[in-house]
Amino acid sequence: QVQLVESGGGLVEAGGSLTLSCAASGRTFTSGHMGWFRQAPGKEREFVAAIRWSGGRTYYANSVKGRFTVSRDNAKNTVYLQMNNLKPEDTAVYYCAAADYYSLAYSNSRSYDYWGQGTQVTVSS
């Protein structure tokens, strides 16, 4: 059974940084992609970033491009989201997700097969 466990969320002041981790267990991912999504209160879940397990190509939402960096450690079966220059509008619950097979629909939550439980990120102004 695949499990994704996020960690690293917390409270930070605007302009600060946080690094989220997503550890996968139950299988070793060598194909497909991992994604980060977020959901703020009263809003729909939105795509943040994604990375392919093979080759490491990355994708970002325009709202975080240049501030967030997604990376992976294949040996640890773990994906990271480095978040810099955080803004109050980044406040949300952040979820990681895994897709068994790569597709161009990496920004669509329905293309993912497994989800973590989420971790809260709060950015104060």
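The legends below describe close-up views of a predicted model.

**View 1. The disulfide between Cys 22 and Cys 96.** In this predicted model, one disulfide is counted, and the bond joins Cys 22 to Cys 96 with a sulfur-to-sulfur distance of 2.0 Å. The two cysteines bring together distant parts of the chain, since they lie 74 residues apart, with Cys 22 in strand β3 (residues 18-25) and Cys 96 in strand β9 (residues 92-99). The torsion about the S-S bond is about 55°, and the disulfide is therefore right-handed.

**View 2. The largest nonpolar core.** This core holds 36 residues, and those with the most contacts inside it are Trp 36, Leu 81, Met 83 and Tyr 94. Two or more residues are given to the core by each of the strands β3, β4 (33-39), β5 (46-52), β7 (68-73), β8 (78-83), β9 and β11 (119-124). Strand β9 supplies the largest share, which amounts to six residues.

**View 3. The contacts of Met 83.** Met 83 is one of the residues with the most contacts inside the largest nonpolar core. When residues up to four places away in sequence are not counted, Met 83 touches Gly 16, Ser 17, Leu 18 and Leu 20, together with Arg 67 and Phe 68, and also Tyr 94 and Val 121. Among these partners, Tyr 94 is itself listed with the residues that have the most contacts inside the core.

Technical notes
Residues are numbered from 1 along each chain as its sequence is written. This is a predicted model: local features need pLDDT of at least 70, side-chain atom pairs count only at pLDDT 80 or more; totals for chains, interfaces and linings use all residues. Side-chain values use heavy atoms; hydrogens and water are left out. A disulfide is a pair of cysteine sulfur atoms within 2.5 Å. Helices (H or I, at least four residues) and strands (E, at least two) are DSSP runs, numbered from the N terminus. A nonpolar core is a set of buried Ala, Val, Leu, Ile, Met, Phe, Trp, Tyr and Cys residues joined through side-chain atoms within 4.5 Å. Buried means under 20% relative accessible area, exposed over 50%, partly exposed in between (1.4 Å probe, protein chains only). Contact means heavy atoms within 4.5 Å.
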